[in-house]
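Please study the sequence and the structure before reading each solution.

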Amino acid sequence: MKKIYPLLLLLTLVTTSCFEDRDDEPIETSSVNDFVWQAMNQFYLYKSEIPDLADDRFPSTSSSAYLEYLNSFESTEALFNSLIFDRQNVDRFSWIVDDFFALEQNFRGVSVTSGMEIYRAFAPNSTTDVIGVVRLVLPESNADLNGLQRGDIFFAVNGIRLTEDNIATLLQPDTFTLNMGVLDDNGTPEDTSDDFISPTGEDITITKTEFVENPIFRADVIEAQGQNIGYLMYNGFIRNSDEALNAAFANFRANNIQELVLDLRYNPGGSVPVATALASMITGQFTGDVFQRLVFNETQQQSNTDFNYLNTLSSGASINSLGLNTVYVLATGLSASASEGLINGLSSYVNVIHIGSNTNGKTQASRTFYDSPDFSRQNPNPNHTYAIQPIIANGINRDGISVPKTGLPPNISYFEDVFNLGTIGNVNEPMLAIALENILGRTLKSSSSSTKKQLRNAPTAFPILNKDDFNTNEGGMFID
């Protein structure tokens, strides 16, 4: 997943030299800007690449030159963005928020969401019309309660045909109506040239609501050829979800699973400690060894941190480890940050069979900084709710290897076919089927059971438009 960070669209509160806080008392923009510059000066991973962050850039932070610099920006967001190194190619992931309360809810898995994740693709035989294809529906969300299912297609929103340029805007309101369609092959299943999307006449109105997502989407034991195979679809390394993961692994242990399929295909990342705990559950034989190492900027080398394999959780509970030497991971371009860190960290110790496509290519970690004396959550400035989440460290595995910018390549390539997604957790779902075929030793089928559909999809689908494109604060690789 290449996550889109529309910072300037989301963050527009500060447009003059001051703004009104929650008590309607004006606070000078320079005060907020000072917090941003000070935090970036101390902690930003790419500090040495930004001349304005140099320690000798100003005579002092009490000088008139420094104050004039802070006040030269039309907004706090503009200052922050000026301090980002090569936004397009290197640091695609640092961001700023004007409401850290909402940010903290996101970290806990709480968000205002429709509950659907989608792919977008050009409609068959069109280079202008776009369709949305539902790839995931969160249980008990508004999308689920309104009957949306994986694989459902919509061609318009509120009666407006979808294009590459308008789809994001049409899906942003709290309420919108999906105009549903279905793929029609015109009675010629072997000829794609006459395929089109046929309206079904069904309209589904979706309302975004506050929702607490369970990142464990599925945790199943699959019985096949006398073997018990664990299947875990995990959609976000949400803080404090390690206890629920441990309970799932307790069930895996009770069923004596010998193989595990870990589905991270839509997992944008999250907490590094939770990723460490999950790696420890998968293995168990490497307690105390380095799982992942975080390396900070040149002025923060004392903060370099090793995350070691564990045998207990922070609560003191024993980890239900499986002792596996091989793990099958389903991962795609939507798999980012902590997901990639998990794969990269495990690969130093066990055989990781990656099924899917190149991952996102984000190897860096970030942390939330607040306007407080030590930049922590304690005693923040009560006059505003700004916080920043800059990249502050680079993640490497035990062998010093980081995730390439092009992502981690698969061992077995597969690109999801938007017209043949299958049912998550079903043994015939294409990506899971490939893993099961590999585990059971059968001859692997082609990467798609439908050559026609793969050929049609490959040049036209342009994933990814998903819930994280509208929720910029989800995912990543976070240090608690």
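**Exercise 1.** Determine in which strand Tyr231 is found, and decide whether Tyr231 is buried or exposed.

Solution. Tyr231 is found in strand E13, residues 227-234. Strands here are DSSP runs labelled E of at least two residues, and helices are runs labelled H or I of at least four, numbered from the N terminus. Residues are numbered from 1 along each chain as its sequence is written, and side-chain values use heavy atoms, with hydrogens and water left out. The model is predicted: local features need pLDDT of at least 70 and side-chain atom pairs count only at pLDDT 80 or more, whereas totals for chains, interfaces and linings use all residues.

Next, consider accessibility. Buried means under 20% relative accessible area, exposed over 50%, and partly exposed in between, with a 1.4 Å probe and protein chains only. Tyr231 has a relative accessible area of 0%, so Tyr231 is buried.

Finally, consider the surroundings. The side chain of Tyr231 makes a polar contact of 2.6 Å with the side chain of Asp263. Such a contact is a pair of N or O atoms within 3.5 Å; within protein, one must be able to donate a hydrogen and the other to accept it, and residues adjacent in sequence count only if both atoms are side-chain atoms. Leu432 lies 201 residues from Tyr231 along the chain, yet their C-alpha atoms are separated by 8.7 Å.

**Exercise 2.** State the order of the strands in the open sheet of six strands, and explain why strand E19 is largely enclosed.

Solution. The order is E12-E13-E14-E18-E19-E24, with mixed pairing. Two strands pair if DSSP finds at least two bridges between them. The edge strands, each pairing on one side only, are E12 (216-224) and E24.

Now follow the pairs. E14 (residues 259-263) runs parallel to E18 and is joined to it by three bridges; Val261 stands opposite Tyr328. Six bridges join E18 (residues 326-331) to E19, again in parallel, and here Val327 stands opposite Val352.

**Exercise 3.** Describe how helix H9 packs with H10, and how many residues of H9 are buried.

Solution. The axes of H9 (residues 272-282) and H10 are 10 Å apart, at an angle of about 40°. Axes are lines fitted to C-alpha atoms, for helices over the stretch in contact, and angles run from 0 to 180 degrees between N-to-C directions. Angles under 35 degrees count as roughly parallel, over 145 as roughly antiparallel, 65 to 115 as roughly perpendicular and the rest as oblique; H9 and H10 are therefore oblique to each other.

Of the 11 residues of H9, 10 are buried, among them Val272, Leu278 and Ile282. At the N-terminal end, Ser271 caps H9 through a side-chain oxygen 3.3 Å from the backbone nitrogen of Val274. Just after H9, Gly284 takes a positive phi of about 115°.
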